[in-house]
Amino acid sequence: MTSGEARYGGTVRRTVLPNGLRIVTEALPTVRSVSFGVWVGIGSRDETPRLAGASHFLEHLLFKGTKRRTAWEISAEIEAVGGDTNAFTAKEYTCYYARVLDSDLPLAVDVICDMLTSSVVSANDLEVERQVILEEIAMHDDEPSDVVHDLFTTALYGDHPLGRPVIGTTDSITAMKRDQVAGFYRRRYTPRQLVVAAAGNLDHDETVKLIAAAFDGFAEGEPTTPRRGPAVRSVGSALAVRSKETEQAHLVLGVPAIDRFDDRRFALGVLDQALGGGMSSRLFQEIREQRGLAYSVYSFDTQYADAGLFGVYAGCAPRRAHEVLDLIRVELDRAAAGGITDEEVRRGKGMLRGASVLGLEDTYSRMSRIGKAELVHGNILSLDEVLARIDAVTPEDVRTLAAELFTRPASLSVVGPFAENDFDGFDLVPSSEGVA
């Protein structure tokens, strides 16, 4: 498959190997670097409660050594040529990547694919990384702006795996055994679950040869289709308060939204930008610029294969928390009542267009775009197609979606110096009429 990307300097091509491994590349002949990544269609939502955090645990362990390399050699070989390597785990996928000079792409392929196919996952390494992850959990728990988002997803999805933190819990990480993590690795990390992506100054056919050699010996199979399923039901309106002596109150108010396969995701992106996507957005202007009630206030949306969410975050003085929440609620009610103006839609579309293009100024962002799109959608829209979808959004599309979303029961998470019942009076079920 070749996608017309010449206007933006690159050409996207796709190959599927007999073992089911998908390879996508974007050739950018004007640069001197390459970003190379392996995307695994496994994340925290694929874990049982006993294995909560296993995907992230495994992400750490794959850097600890293979049959051919020690942990030091994995990092030293890439750093010796001026490159860097890293990884991240999300709820529905994990990614391992390296960025190197174009001449060092064979080395990046060899190192990253060696990690993915031949990790030792030793008992000693597991014990060392267990302590590292427990420290990471402690560090995360000391960041109330992070904790409030985890609380929000838990409030929204309850016991569903999407409601759990990606990193796991102190209890689950402490109890996890080497055989459990190693078994998770063997069962889940197969070529049919992987997408290999590369972007930069490369040749597609030569890159495919390198990758095919790195994955030689695996049985033939069909690629796993993009994750789909029945819609995940939220728990309805829910309140979660974490009492913590902080200087600021951290608040997230939000609702269930649409999944990643919904064509209205482009309208949702425009709505997000109009409400809380920048300094000109309605929430920023009302809460920060005009009233000075918060330093940070923004909206956000997240889509999964079978669920989605839209939320608003604000950090403010604890004594202002109820006032800020009331203002957020008012703006969401106004949006639900058709209050998004044509000018806000025009500006939101411009912001989304700019973000779509300006966010692709380096090889890593290009690699991420094509790798993630192939993994979660099964196809890669060209940038021209993305911009056309944004341009096609109408004010009525945005207002109709706002009316649907913001009349749903909301969930609220709070971190700060509060008692659990301090927000019991906040109405999480909006008026069906909204605010005129």
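User: Is Thr153 buried or exposed?
Analyst: Thr153 is buried, with a relative accessible area of 9%. Buried means under 20% relative accessible area, exposed means over 50%, and partly exposed lies in between, using a 1.4 Å probe and protein chains only. A word on the source: this is a predicted model, where local features need pLDDT of at least 70 and side-chain atom pairs count only at pLDDT 80 or more, while totals for chains, interfaces and linings use all residues. Residues are numbered from 1 along each chain as its sequence is written, and side-chain values use heavy atoms, with hydrogens and water left out.

User: Thanks! Where does Thr153 sit, and what does Thr153 touch?
Analyst: Thr153 belongs to helix 5 (residues 144-157). Helices (H or I, at least four residues) and strands (E, at least two) are DSSP runs, numbered from the N terminus. Not counting residues up to four places away in sequence, Thr153 touches Lys91, Gly158, Leu162, Gly163 and Leu309; contact means heavy atoms within 4.5 Å.

User: Let's zoom out. How many helices and strands does the protein chain have?
Analyst: The protein chain has 15 helices and 12 strands. Its C-alpha atoms fill a box of roughly 65 × 50 × 40 Å along the principal axes.

User: What share of the residues is buried?
Analyst: Buried residues make up 54% of the 436 residues in the protein chain. Among contacts with a separation of 6 or more, 80% come from residues 24 or more positions apart.

User: OK, salt bridges. How many are there?
Analyst: A search of the whole structure finds 34 salt bridges. Each is a side-chain nitrogen of Lys or Arg within 4 Å of a carboxyl oxygen of Asp or Glu. One of them joins Arg45 and Asp306, with the closest N and O atoms 2.9 Å apart. Arg45 lies in the loop between strand 4 (33-40) and helix 1 (54-61), and Asp306 in the loop between strand 10 (294-303) and strand 11 (308-316), so the pair ties together parts that are 261 residues apart in sequence.

User: Are those two buried or exposed?
Analyst: Arg45 is buried at a relative accessible area of 13%, and Asp306 is buried at 8%.

User: New topic: what does the side chain of Glu374 contact?
Analyst: The side chain of Glu374 makes a polar contact with the side chain of Arg14 at 3.1 Å. A polar contact is a pair of N or O atoms within 3.5 Å; within protein, one must be able to donate a hydrogen and the other to accept it, and residues adjacent in sequence count only if both atoms are side-chain atoms. Glu374 lies in helix 13 (residues 363-376) and is buried, with a relative accessible area of 1%.

User: Last one: how many aromatic pairs are there?
Analyst: The structure holds 13 aromatic pairs. Phe215 and Phe218 form a tilted one, 6.1 Å centre to centre with 45° between the planes. Rings of Phe, Tyr and Trp (its six-membered ring) pair if their centres lie within 6.5 Å; planes under 30 degrees apart count as stacked, over 60 as edge-to-face and the rest as tilted. Phe215 is buried at a relative accessible area of 2%, while Phe218 is partly exposed at 35%.
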